[in-house]
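Work through the following exercises with the model in view, and take each solution one step at a time.

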Amino acid sequence: MNGDPDPEDVAAALLAALGGLVRRVRQVPTGGLTMPERGALSRLGRSGPTTSSALAREAQISPQAMGATLGALRERGLVERRPDPHDGRRAVLSLTDEGRQALRDKRNARVDLVAAALRGGRFTQDELARLAAAAALLERLARTV
């Protein structure tokens with residue numbers, strides 16, 4: 001038996017660890033937004049202006065559910081709706097300045113939470129360096145999956 005890590009064991013350990021981290025970080029209060037609202041804002045932030053149906057496909061939810069979520073975001077002034085310049089029958093949704101700020105606030109709250117956990121002697125400098133290196137590898141893994 002060799003000492004090489006088994007890819008399936010590594011995959012299982014990574015998914016368990018990352019799943020726990022993501023669940024904890026998602027619990028950070030973010031300005032009273034629901035999970036679906038945060039998800040829709042994040043998707044709009046990543047994709048740029050797009051249609052409600054495209055967002056629903058990406059989120060793998062019904063167009064009606066996405067429409068309700070986007071309606072709530074529009075009422076709060078976080079998302080705006082404009083006619084599609086290429087097809088007048090459709091509408092294109094995009095983030096408002098307030099929506100972009102809400103996304104920044106959400107990301108900052110999550111970064112602050114994780115940074116606080118990394119501070120205060122809970123992790124050695126060597127462990128912080130290893131986590132930084134692991135972050136780059138995880139990003140590469142995400143692009144590969």
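**Exercise 1.** State the volume of the largest pocket, and find which residues lie nearest its centre.

Solution. The largest pocket has a volume of about 1,300 Å³, where a pocket is an open set of points on a 1 Å grid that a 1.4 Å probe fits, with protein on both sides within 12 Å along at least five of seven lines, and lining residues have an atom within 4 Å of a point. Its lining counts 30 residues, and Leu18, Leu21, Val22, Val25 and Val114 are those nearest the centre. Two or more lining residues come from each of α1, α2 (35–47), α5 and α6 (125–144). By class, the lining holds 20 nonpolar, two polar and eight charged residues. This is a predicted model, in which local features need pLDDT of at least 70 and side-chain atom pairs pLDDT 80 or more, while totals for chains, interfaces and linings use all residues. Residues are numbered from 1 along each chain as its sequence is written, and side-chain values use heavy atoms, without hydrogens and water.

**Exercise 2.** Decide whether Leu21 is buried, partly exposed or exposed.

Solution. Leu21 is placed in helix α1. Its relative accessibility is 44%, so Leu21 counts as partly exposed, since buried means under 20% relative accessible area and exposed over 50%, with a 1.4 Å probe and protein chains only.

**Exercise 3.** Describe the lining of the second largest pocket.

Solution. The second largest pocket has a volume of about 170 Å³. Its lining includes Thr51, Gly67, Arg74 and Leu93, and α4 gives the largest share, four residues. The lining divides into three nonpolar, five polar and three charged residues.

Conventions: Grid points are joined across faces, edges and corners, and a volume is the space filled by probe spheres set on the points. Ala, Val, Leu, Ile, Met, Phe, Trp, Tyr, Cys and Pro count as nonpolar, Asp, Glu, Lys and Arg as charged, and the others, Gly among them, as polar.
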